[in-house]
Amino acid sequence: MNTFIFGGSGYIGNVVSNKLSRFTNITNLDNQIYNNQYYPYFELPNYRELILDIRKFTEFKTSFQDIDTLLVLGGLVGDPITKKYPDESIQINEESIIRMLDQAINSKIKNIIFISTCSNYGLMRKGQIADENTNLNPLSLYAKSKVKIENLLSQSFNNHTNITILRFATAFGVSPRMRFDLTINQFVKEAFLDGFIEVYDADTNRPYCHVKDFAEIISMIINTKDRDAIKNQIFNVGRDENNSSKKDLIKIIKSVYQDFDYKLVENDVDKRDYIVNFKKIRDHLNFVPNYSIKYGVLEIIDYIKNNKSLLQDKTLFGNYELKR
């Protein structure tokens, strides 16, 4: 079995590559675009890495020969980085990914897995819970690009390619290529190292999911023998119990580590507010994520304890800036 991954060196990608390399040959296309040097080198079985820019992907059409699955995981990931670099975001998250997907479909790759985001739901009215049929309301450039790709893929649903779209909840947890610019990871770091968290938009809700659970569902989809269950399907990926407001996150962190203060700031910094239903993936694929937010908090605290010296450099662990 041969899998081509776009973005297998990133925060989620590292965990996914490690898991998939146990049962499939991996070609990972990733140019490690963020301006931090913390891209851990790893030697995996059945793995080769192409450190190349997707914007030059036309040079690598032959890479799809003998590929069974294309996993589109990478891009400029997150609202802040796409807002900071809008031109690059359009080039990578739209134009280049569209070229890649067109080539994959024309090459008749059997399976395409496109990683999208629950951020596509944007802002839901109070009391509404979003499922896969809910009208999308993307607020950020990042989510708008994801919705554009989703719509194009939906038009390309066809007989020879199994297309699966996964809308990921907000990630958390420890990865070999760690990030601390994600809400849970950032809160735990600030609580443990600074003793203080400033919480904006404290009552806004978001679903959260551990990076190991993302790797598990991708593995399940690649390995499933019931292709009809995933073909031309969209799934929200997350855990119902991990729908949480920022105020609730503080309570969870306090339940395991009390030595910090916090301030709730009344300011609309991020208007996104959505609770997501994960019934479809549970019913169709029997997938229920294993890891709670509390598990992640404990895990991140242990990571911080073991890496305090590295964490003094605040630019290392996040998607803050692009290489020039």
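**Cores, cavities and a pocket**

Helix α4 gives the most to the lining of the largest cavity, with four residues. This is a predicted model. The count comes to two cavities of 30 Å³ or more. The largest nonpolar core has 67 residues, and a second, separate core has 30.

**The largest cavity**

- The volume of the largest cavity is about 60 Å³.
- Its lining is made up of G74, G75, L76, V77, N93, I97, F114, Y142, S145, K146 and I149.
- Two helices, α3 (86–106) and α4 (141–155), each supply at least two residues of that lining.
- Six of the lining residues are nonpolar, four are polar and one is charged.

**The second largest cavity**

- The second largest cavity has a volume of about 40 Å³.
- T69, N111, I112, I113, N162, T164, I221, I222, R227 and I230 form the lining of this cavity.
- Two or more lining residues come from each of β5 (111–117), β7 (162–168) and α6.
- Strand β5 gives the most to this lining, with three residues.
- By class, the lining of the second largest cavity divides into five nonpolar, four polar and one charged.

**The largest nonpolar core**

- Within the core of 67 residues, L166, F168, I217 and I218 have the most contacts.
- Helix α6 (residues 211–223) brings the largest share of this core, seven residues.
- Which residues does I218 contact, leaving aside its neighbours within four places in sequence? They are V16, L20, L71, I113, I115, L166 and F168.
- Two of these partners, L166 and F168, are themselves among the residues with the most contacts inside the core.
- I113 is a contact of I218, and I113 also lines the second largest cavity.

**The second core**

- The separate core of 30 residues includes F6, I33, I149 and L153.
- I149 belongs to this second core and also lines the largest cavity.

**The second largest pocket**

- The second largest pocket has a volume of about 170 Å³.
- Lining this pocket are M124, R125, K126, G127, Q128, D203, N205, D273, Y274 and I275.
- What classes of residue make up the lining of this pocket? Three are nonpolar, three are polar and four are charged.

Technical notes:
Residues are numbered from 1 along each chain as its sequence is written. This is a predicted model: local features need pLDDT of at least 70, side-chain atom pairs count only at pLDDT 80 or more; totals for chains, interfaces and linings use all residues. Side-chain values use heavy atoms; hydrogens and water are left out. A nonpolar core is a set of buried Ala, Val, Leu, Ile, Met, Phe, Trp, Tyr and Cys residues joined through side-chain atoms within 4.5 Å. Buried means under 20% relative accessible area, exposed over 50%, partly exposed in between (1.4 Å probe, protein chains only). Contact means heavy atoms within 4.5 Å. On a 1 Å grid over the protein atoms alone, a cavity is a set of points where a 1.4 Å probe fits but cannot get out, and a pocket is an open set with protein on both sides within 12 Å along at least five of seven lines; lining residues have an atom within 4 Å of a point. Grid points are joined across faces, edges and corners, and a volume is the space filled by probe spheres set on the points. Ala, Val, Leu, Ile, Met, Phe, Trp, Tyr, Cys and Pro count as nonpolar, Asp, Glu, Lys and Arg as charged, and the others, Gly among them, as polar.
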